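Good morning, and thank you for coming. Please look at the chain on the screen while I go through it.

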Amino acid sequence: MAPPMDVMTSSDEESQEWKTTQSRRLSPAVLLAGAAGVAAAVLLACHASGSMSKAPPQPLSVRALLESDELAGDMTRNIMAFGGDADQEHVHQRVVAGLGEIRDAIQEQQPEAHNKMGLLTLSPTQKEAAMRVLKKYSDSRMLGLTQKVVAAVRETAEEKGDQTVLARKLSERLTPSLSDMRQLHKEMFPGFHEEFKLDL
């Protein structure tokens, strides 16, 4: 497979400045949002690779995966890639704390869902699918697409534009990278055969 293509269009200096800015903006809210995204990735991966069973050999529950060191490590690497230079140990501690807050909030506010997460188990194939999705968030192509989305949102806000303006700016920035988005979709969800479409 060909190496990832770099879709970033800004200069190296501008890219580094953007990464530095994002690193300074890292906050518990960002980590919590990332943790919530992980939960969604797990469910999507399970859907793609088959239904969840209740008694596989050596079961790994959804809750155990969300609380695992492996997942916290991958999230830390993603944030490091997104934010540029940072203290890895500090980022890791914040990731673990953020995941813990998500777990505690679910347990307190939605105890039934919390219990179900402990009962639903993942097969090795389902776990692999979930982790494959998560790892792609540090892919250079994904980071480039994220940069383009952030730029479109920023420009729209500066111009006091509406949803239509944002959709136009996103289309202008993302359409040239459509082939990369399709390839990422295939790599993240190999079980889906429907062609990826950019629908704004």
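Predicted model: local features only at pLDDT ≥ 70, side-chain atom pairs only at ≥ 80, totals over all residues.

Residues are numbered from 1 along each chain as its sequence is written, and side-chain values use heavy atoms, with hydrogens and water left out.

The chain contains 10 helices and 2 strands; these are DSSP runs numbered from the N terminus, helices being H or I with at least four residues and strands E with at least two. Read from the N terminus, the order is α-α-β-α-α-α-α-β-α-α-α-α. Of the 200 residues, 36% are buried, where buried means under 20% relative accessible area, exposed over 50%, and partly exposed in between, with a 1.4 Å probe and protein chains only.

Let us turn to the cores. A nonpolar core is a set of buried Ala, Val, Leu, Ile, Met, Phe, Trp, Tyr and Cys residues joined through side-chain atoms within 4.5 Å. The largest one has 15 residues, and among those with the most contacts inside it are Leu65, Leu71 and Val95. At least two residues of this core come from each of α3 (62-66), α4 (69-83), α5 (88-109) and α7 (124-135), and α4 gives the most, with 4 residues. A second, separate core of 12 residues includes Val133, Leu170, Leu184 and Met188.

Which residues of α10 are buried? They are Leu178, Asp180, Met181, Leu184, Glu187 and Met188. Their cover includes α7, α8 and α9 (163-174), contact meaning heavy atoms within 4.5 Å.

How do α8 and α10 pack, and at what angle? Helix α8 (residues 140-158) and helix α10 (residues 178-188) meet at about 130°, with their axes 10 Å apart. Axes are lines fitted to C-alpha atoms, for helices over the stretch in contact, and angles run from 0 to 180 degrees between N-to-C directions. The pair is therefore oblique, since angles under 35 degrees count as roughly parallel, over 145 as roughly antiparallel, 65 to 115 as roughly perpendicular and the rest as oblique. On the α8 side, Arg141, Met142 and Leu145 make the contact, and their partners in α10 include Asp180 and Leu184.

Finally, Lys197 lies in the segment after α10. Lys197 counts as exposed because its relative accessibility is 66%.
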